[in-house]
Amino acid sequence: MTIDTVKLLRLAGFGLWGLSGLPITVTFVQNPALLGATSYRLWLGCFLLFGAAFALTGWRVRTAQRRWVQLVSLVIQTSTALVMIRLVCSGLEGSLLVIVAAQLGWLLPLSIALGWIGVQTAAMCVVLGLTMPGQLTLALMTIYLGFQVLAFLSCFLTAREAAARADVIQTNRELRATRELLANTSRLAERERLSRELHDTLGHHLTALSLNLEAGAAHGCDPRARRRWLLD
């Protein structure tokens, strides 16, 4: 997965986070007195905390410590979204759970992630049921459950594709390294063969020359032998 793609997904998450808080923000602008209400102040605090926790989730697991940071961040995001639904529900807070589901596609195995989505959806249903009619609660739960599953599967499949692509790249690098190693080994073997042949050839000629010199020295006193040795 390229860095640009990760940035694009994170920007989309931040965009959805901002849009989910737009109705309440407009309400604050139109009626600033609401900021004096405890429920609205808590809602705003949870909204900002969700954004901060989302910023901490890097969508990449490099170390075990980093994984724990990401899991804690997801717990905070789910909890703050549910608290926001309980305090002041504009109907869009469920989209924050969609953001959580998208991150689960990168960080957790399929079964655990689907269980997480099921638990947070059931919790949302319970929280909505405290303040809303059953039919509206069921409608919102169904809609946001579908969005969560769609976001999760999209990111999960994209993450698997990215992992497969990374494995292919790593395999190609290993194959190229192996090919270079074999080429170097072949060149070294050829150099050793030539060295051995050169050594054997030179050794043969040097031995023959040494024998001829010894023979010439032994027959140095015989002119005819010296002439025959020189001709040889």
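This is a predicted model: local features need pLDDT of at least 70, side-chain atom pairs count only at pLDDT 80 or more; totals for chains, interfaces and linings use all residues.
Local features were taken at pLDDT of at least 70 and side-chain atom pairs only at pLDDT 80 or more, whereas totals for chains, interfaces and linings use all residues. Residues are numbered from 1 along each chain as its sequence is written, and side-chain values use heavy atoms, with hydrogens and water left out.

The structure holds seven aromatic pairs. Rings of Phe, Tyr and Trp (the six-membered ring of Trp) were paired if their centres lie within 6.5 Å; planes under 30 degrees apart count as stacked, over 60 as edge-to-face and the rest as tilted. The pair of Trp 43 and Phe 47 is stacked, because the ring centres are 5.3 Å apart and the planes lie at 5°. These two residues are four apart in helix H3 (residues 38-56), so about one helical turn separates Trp 43 from Phe 47. Helices (H or I, at least four residues) are DSSP runs, numbered from the N terminus. Both Trp 43 and Phe 47 are buried, where buried means under 20% relative accessible area, exposed over 50%, and partly exposed in between (1.4 Å probe, protein chains only).

Phe 152 and Phe 156 also form a stacked pair, since their ring centres are 5.6 Å apart and their planes are at 25°. In helix H7 (residues 134-218) they are four residues apart, and therefore separated by about one helical turn. Phe 152 is buried, with a relative accessible area of 0%, and Phe 156 counts as buried at 13%.

Ring pairs link Trp 43 and Phe 47 with Phe 14, Trp 17 and Phe 54 into a cluster. Phe 54 of this cluster also has the charged end of Arg 10 over its ring, 5.5 Å from the centre. A charge was taken to sit over a ring if NZ of Lys or CZ of Arg is within 6 Å of the ring centre and within 35 degrees of the ring normal. Arg 10 is found in helix H1 (residues 3-20) and is buried, with a relative accessible area of 16%. A polar atom of the Arg 10 side chain lies 2.3 Å from the backbone oxygen of Thr 57.

The structure holds zero disulfides, a disulfide being a pair of cysteine sulfur atoms within 2.5 Å. Cys 46 is buried at a relative accessible area of 13%, whereas Cys 89 is partly exposed, with a relative accessible area of 26%.

Notes:
A polar contact is a pair of N or O atoms within 3.5 Å; within protein, one must be able to donate a hydrogen and the other to accept it, and residues adjacent in sequence count only if both atoms are side-chain atoms.
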